[in-house]
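User: Hi! I'd like to go through the charged and nonpolar contacts of this protein with you. Could you show it first?

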Amino acid sequence: MFNSPFDNVSTFDRLARMALGSFMVAAIFYPGVNATWLALLAIYPFTTAVIAWDPLYALIHQVKLHVPTKGRLGTHAHA
């Protein structure tokens, strides 16, 4: 697969998302399971696996960039 600089989902993660989506869709056909909503939820892992970009990963990355670390706190001299 082509990897662009904007991809934030690894190849292993993409395969895991495809497997998860497949199991979610297959659960619909299992006798006794009435969970058609699983097919709707399977759209997210399938889509993020195909486009190799996860908006939640991007959001978490942005939040982590703006959180101060312990190394930055207390760097001022006390008087």
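Analyst: Happy to. A residue is called buried when its relative accessible area is under 20%. Please keep in mind that this is a predicted model.

User: Thanks! Are Arg17 and Asp13 buried or exposed?

Analyst: These two side chains form a salt bridge, with the closest N and O atoms 3.4 Å apart. They sit 4 residues apart in helix H1 (residues 11-26), which means that about one helical turn separates them. By the cut-off above, both Arg17 and Asp13 are buried.

User: Over the face of which residue does Arg17 lie?

Analyst: A search of the whole structure for aromatic pairs finds 0. Arg17, though, is placed over a ring face, 5.0 Å from the ring centre, and that ring belongs to Tyr57.

User: Which helix gives the largest share of the nonpolar patch?

Analyst: The surface patch is formed by Tyr44, Leu56, Leu59, Val63 and Val67, together with about 450 Å² of accessible area. One of these, Leu59, has its place in helix H4. The largest share, 3 residues, comes from helix H4 (residues 55-66).

Key: Residues are numbered from 1 along each chain as its sequence is written. This is a predicted model: local features need pLDDT of at least 70, side-chain atom pairs count only at pLDDT 80 or more; totals for chains, interfaces and linings use all residues. Side-chain values use heavy atoms; hydrogens and water are left out. Rings of Phe, Tyr and Trp (its six-membered ring) pair if their centres lie within 6.5 Å; planes under 30 degrees apart count as stacked, over 60 as edge-to-face and the rest as tilted. A charge sits over a ring if NZ of Lys or CZ of Arg is within 6 Å of the ring centre and within 35 degrees of the ring normal. Patches are made of residues with over 30% relative accessible area and no salt bridge: like charges are joined within 9 Å, nonpolar side chains (Val, Leu, Ile, Met, Phe, Trp, Tyr) within 5 Å. Accessible areas come from the Shrake-Rupley method with a 1.4 Å probe; for residues, only the protein chains shown count as cover. A salt bridge is a side-chain nitrogen of Lys or Arg within 4 Å of a carboxyl oxygen of Asp or Glu. Helices (H or I, at least four residues) and strands (E, at least two) are DSSP runs, numbered from the N terminus. Buried means under 20% relative accessible area, exposed over 50%, partly exposed in between (1.4 Å probe, protein chains only).
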